[in-house]
Amino acid sequence: MSVKLEFGGGAPTISTVEAGSGTLGGACSIAIDERESVHIAYVDENQHLSIARETYDYQWHVRTIEDSINVTDPVKLLLRSKPGPLNGAEIILYRDATAHTLHMSDFTTTYWQHSRLLPGQTIGSDFDAYLDSDDNIHLLYVDTATNELRTAWWNSSGGPYETVVDSGAGIGSALSFQPDATTGTEQFSFSTGSSSLRIVRDLTGQEDGRLDPAPTELTTGNRDNEYAKQAFNNVDLNCDGISDMVVSEPAANGAAGEVHIWYGSTAGISSTPSVTLGGTASGDRFGHSTVPAGDVNGDGCDDLAVGAPGQLNTNSITSGVVHVFHGKAGGLESSASWTAEGGAAGDEFGGRVTSAGDVNNDGYDDLLVAALGWSSAPTRVGQIYLYLGNASGLLTTGHSWSRSGSGANLVLGFTMAGIGDVNNDGFDDVAIASTRDFSELSGYSRVQVYHGSANGLSSMYAREWAMDSQSTMFGSALARLGDINGDGYDDLAIGEPLNDTSTGASSGGKVWIFTGSANGFAKNPALEIEGEVAGQLFGSAIAAVGDINDDGSPEVLITSLEYGNAGGKVHLYYSDQAQLLRPGTSPLLIQGATGQHLGRTLSGGGDVDGDGQLELLITSMDKDMSGNDASTVIQFEKRDFERMDETRNVATVDLDMDDQGRMHLLVTDGATSTHLERPNEATEPNEAWREHVLDTNQSAMVVTRAGKAVILAWDGSELAFHEQSAHTVLSLSQMSTVNDIHDLDLAIIDEQSRIFYSETHNASTSFGRIRGET
């Protein structure tokens, strides 16, 4: 029969689509073409597949299109919408009730083609499908042999192209998915058992929610040993294609010092280090400066550089020694492949070590070493040295370039950074700061940039920035940003944590952003970002940590070390061609406990579990996240999917999206139907679900483009429409029926929100139309 209904009154007009008995109406699906003609696919009384098309004045053209398969619920009717001769033609997907295989009937406008999809696989009891704007089929289903929930899609070039969304016993007995109009990504909802609902949002290409909101405390240690003075995960020391993690502890074992290495694996890292390297004697401070050395011998494996500024040299003078350990298949070398040492007592050679990149473009990475205690006069403190790489590692003939410090209360090389190729000439460049620590009086800090060349670093700096105020610690943080504005030149960030901001925040801190060009860096910064409150120390640490939002440019972390009762605060900024660095919707990534000083070091870009998702590391040396007296390493991991689990009984689930990317769910449990929505989820990602419960399990839902959910429900005696938008619910009863309804489906079309539905029951297949503003 057919039913025509009008909002606000009007007697229903009923006509029959097909009459029969048995399995008639055991499953149905409705779709509306661009001419507002209705198409209904359904199971007939012989359990075969039929199609009904509206002709004129609610007349129907009905035919059986597949009579060799016993069809079972669900049936999915899709209409092509791409302009051309096939526009409006039907595609119907359905399951074989006996073999549990998936089949397709495809109308070519002159005849039906029948084919089996996913040969060799048995399909779970539910599946869902849609067509994109190019009429490509997208499918969500469960492979019962592997208990995997998968997506598959086909295009003109072929397919299926499959992706595993989730897996587990009992998964996907009820499932649904839809594309998000705001991002083009797919969103999922499915059962993970009879009493559990999982909602999965595909976050690809988005910013909000891309980092798992629950950080992991990977490892803790003794703060008196300066555990986690450095921590990083952007190296592959055993050359297995999975990143490894390195944590230094320079005051361990009577300040002999240790460096701990965890080799990554597909299971992540273990609870204990894979390898621990150590100093040879008390006071060596092995690990005082520990950094990725790049690949100094060009063998394709990353190398590790470790400074021990208190170690005796070969003449038994406490001058300091730097060790380089070559990476190789199977693990890091157990003893240093290369060492260099200071020449005089108190040099503190190796007090700072950093990879320079490849400054002479010979295919081997080079190394910068600072002797922070070197001096030739009270105003000449600090000396830096460049060591070039080659096929055997760093050259043993000594350094190829050096510079000496100058200026009262300054130490040359207090911070150093390889900063990439800032003038795009093919040679990597370096930045070197002259400043001092928080605990020491520092002079007029400055930063110098030296360009690389075929002969190594240039003899004269290409750019110098010098402060006109003392004790601002300009340059105490230097960070290679990569190319944040997409112009082909690498960029630089410089931290000045004791800067008194333009708004009057004493020691609020500032970060200076300089963008590269064919001539290198300009004198004036392209961007200045200031702290907001006095004593914040914004810019205490800075690091580019990899691409989080999939735009091809790295994101940047910046520390405010004293923010919030000295808890420390880490801010997240996104690379942006126009704004350079742009705070996200929620720029605060994490804040530490009182006195923790969280964010002392920052790093990222590694992937220690090999799952393709980068990880960020944040350290503190005073307290852990619980406020205990311990040092800690905290990890945030990027994610492509957000998973949310709801404890509720699930018989069926329907998911729909509005044009704002908001999700609506209709979940039945065998007795009731519950509509769930989060109206403000675009600005409040963690908003609680709002629920509206109907006392029926026979229901269907459509969502208007503006975000109003319209639900058709049958309570055993009458059909009613329920329209919900946030807290407002409008219910309108439409008609009574004496038949026992088996299945409902609902469709919506055009800006006038004309609503169509079909129902099937044990005596006939019915159709209804309701026209009204929603």
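**Note on salt bridges and the domain interface**

1. Both Arg198 and Asp166 are buried, where buried means under 20% relative accessible area, exposed over 50% and partly exposed in between (1.4 Å probe, protein chains only). Their side chains meet in a salt bridge, at 2.6 Å from N to O. A salt bridge here is a side-chain nitrogen of Lys or Arg within 4 Å of a carboxyl oxygen of Asp or Glu. Arg198 lies in strand E18 (residues 196-202) and Asp166 in strand E15 (residues 158-167), so the pair ties together parts that are 32 residues apart in sequence. Strands (E, at least two residues) and helices (H or I, at least four) are DSSP runs, numbered from the N terminus.

2. This is a predicted model, in which local features need pLDDT of at least 70 and side-chain atom pairs count only at pLDDT 80 or more, while totals for chains, interfaces and linings use all residues. Residues are numbered from 1 along each chain as its sequence is written, and side-chain values use heavy atoms, with hydrogens and water left out.

3. Glu207 forms a salt bridge with Arg582, with the closest N and O atoms 2.6 Å apart. Glu207 lies in the loop between E18 and strand E19 (216-221) and Arg582 in strand E47 (residues 580-591), so this pair ties together parts that are 375 residues apart in sequence. Arg582 counts as buried, at 18% relative accessibility.

4. Asp33 and Arg35 also meet in a salt bridge, at 3.6 Å from N to O. Asp33 is buried, with 6% relative accessibility, whereas Arg35 is exposed at 58%.

5. A network of salt bridges links Asp143, Glu148, Arg150 and Glu162. By the rule used, the count comes to 28 salt bridges.

6. The protein is divided into domain 1 (222-229 + 415-455 + 473-639) and domain 2 (236-394); the bounds come from an automatic or database domain assignment. The domain centres, taken over C-alpha atoms, are 22 Å apart. In contact (heavy atoms within 4.5 Å) are 26 residues of domain 1 and 33 residues of domain 2.

7. Domain 1 and domain 2 bury about 2,100 Å² between them, 62% of it on carbon and sulfur atoms. Buried area is the accessible area (1.4 Å probe) that two parts lose on being put together, summed over both.

8. Between domain 1 and domain 2 the count is one salt bridge. The side chains of Glu226 and Arg285 meet in a salt bridge at 2.7 Å, N to O. Strand E34 (411-420), strand E35 (429-435) and strand E37 (452-453) each supply at least two residues of the side of domain 1 that touches domain 2.
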